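Thanks for coming. I will go through one structure, starting with confidence and then moving to side chains and helices.

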Amino acid sequence: EKGPVDAITGEARNSLSEEKLLRLQLDVNAVEAVVDMATGDVRAGDVIPIRLLASDTITQAKEKILDALYKNCPASRRPQHTDVDLQLTRGKASISLRDHDETNERDEDWIKINTLGHYKLDQMSELHQKNPKIPQPHFSLVPKHENQISNASFDTIGKVISNMSASCSELRESPCVYHLVKPDGGGTRSCQEGERQYENIVAEAFLTRLLATKRIVQPYVDDLFNAVFSISMGKPLPRPVKYLFDFLDHQAMHMGITDPEVLHTWKTNSLPLRFWVNVIVNPDFVFDIHKSAAVHSCLAVISQAYMDACSISDINYSKDTASSKLLYMNEVKGYKTHVQQYYNTIQSQPRMEKMELDEHMTHTSQQFFVTESAIYELAKYSITYSAEVAAALDEDGLTDTVRAFKEVVKGLSP
């Protein structure tokens, strides 16, 4: 997200996804600024440098600043961008910057979201670089309930557009709002100045843009693949995985299935596709992080490469093949061999008995299982679905249990 990202469409200049690639040609200027905030991972009164883009909306700028201030804090514990206002300060004067105000640019019925460039902050940053005596943009995040907006204005911000008749509330409610890419009246993309010259170029022309992003992230993709489909020397294989694959091997032998493709598909569907691909696309299921739409589109392409690598059948690439598949065409060939070696290595290891798995799971439960948390989650589930649980118990003829369950739920309910 170091490049421009359209806040409405989610299209980004740095993307692995052709569908979410920002085709608009922009000369984006950087906004070198400092941020002062009394909370976060910095000490009160500290000032930290930050690099923003002139194309960033005010909300995007706030999110980047919050990421810098709370980089060591879980996403669930961070303030949201809706909790704070972004203020530009100089001395005792300050002004609040907003996505929507009386200065929004209008094009007939369309309203453009305010950006840092709209407030001329890229020019202020450039002036500071040429002459350090000129102050660079100085931001602060102020909780909304404490925000006292001054009436001060700066020459560098420019004159307020006086012929705006729409109020801020009308701007927010207007469906005709855009950031970088303005749709046409039918809700589809329109060709803006930077796009007109590309309107007849086939999608493959943008493949170099996708490849440039791929080169940046590829070392991390390889590291993840090796971590998922490797068995390190001296490091034991996860026992549940070994037991599951042994079970599938036994079932194939018991049913007389000799086709290796069937067994490969069973193992692929039970672990890589059911678990790992889901985690790759949705890391926020496991980690306390924020996942933007632009990042999600890239993760979807990476997960597609993993799925192709786990397929035992050959993929026939052609001019009609989706760019997300073409992007990892060379890597998938090597990944396939790696996956097959992973399955073969597990199969060659001594068979695991159920007792060994039971001992491992018991030890793991004692080490990581928190009884209080489990009871709390069960209580929440029981309150939410009390009617359904009671009906199911009643159908099974457990009248006494239904009565006891209702008493428990009544005691748990606030």
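pLDDT is the predictor's confidence in each residue, on a scale from 0 to 100. What you see is a predicted model, in which local features need pLDDT of at least 70 and side-chain atom pairs count only at pLDDT 80 or more, while totals for chains, interfaces and linings use all residues. Residues are numbered from 1 along each chain as its sequence is written, and side-chain values use heavy atoms, with hydrogens and water left out.

The average pLDDT of the protein is 81, and 84% of the residues score at least 70. Residues 148-172 have a pLDDT below 50, and this stretch has 45 contacts in the model beyond near neighbours in sequence. Residues 193-202 are also below 50, with 10 contacts counted likewise. A contact means heavy atoms within 4.5 Å. Where pLDDT is low, the predicted coordinates should not be read in detail.

Next, aromatics. Rings of Phe, Tyr and Trp (for Trp, its six-membered ring) pair if their centres lie within 6.5 Å; planes under 30 degrees apart count as stacked, over 60 as edge-to-face, and the rest as tilted. The structure holds 10 such pairs. Phe 275 and Trp 276 have ring centres 4.9 Å apart and planes at 75 degrees, so this pair is edge-to-face.

For accessibility, buried means under 20% relative accessible area, exposed means over 50%, and partly exposed is in between (1.4 Å probe, protein chains only). Phe 275 is partly exposed at 43%, and Trp 276 is partly exposed at 27%.

Tyr 306 and Tyr 335 make a tilted pair, with 6.4 Å between centres and 55 degrees between planes. Helices (H or I, at least four residues) and strands (E, at least two) are DSSP runs, numbered from the N terminus. Tyr 306 is in helix α9 (residues 293-310) and Tyr 335 in helix α11 (residues 329-348), so the pair links distant parts of the chain, 29 residues apart. Are these two tyrosines buried or exposed? Both Tyr 306 and Tyr 335 are buried.

Now charges over rings. A charge sits over a ring if NZ of Lys or CZ of Arg is within 6 Å of the ring centre and within 35 degrees of the ring normal. Lys 182 lies over the face of Tyr 178, 5.9 Å from the ring centre. The charged end of Lys 214 is over the ring of Tyr 328, at 4.9 Å from its centre.

Lys 242, in helix α6 (residues 239-254), is buried, with a relative accessible area of 3%. Leaving aside neighbours within four places in sequence, Lys 242 has contacts that include Leu 237, Ile 346, Pro 350 and Met 352.

On to helix packing. Axes are lines fitted to C-alpha atoms, for helices over the stretch in contact, and angles run from 0 to 180 degrees between N-to-C directions. The axes of α13 (residues 371-384) and α14 (residues 386-395) come within 4 Å and cross at roughly 80 degrees. Angles under 35 degrees count as roughly parallel, over 145 as roughly antiparallel, 65 to 115 as roughly perpendicular, and the rest as oblique. α13 and α14 are therefore roughly perpendicular to each other. Tyr 381, Ser 382, Ile 383 and Thr 384 in α13 meet Ser 386, Glu 388 and Val 389 in α14.

Last, a loop residue. Lys 120, between β6 (110-112) and α2 (121-130), has a positive phi near 65 degrees although the residue is not glycine.
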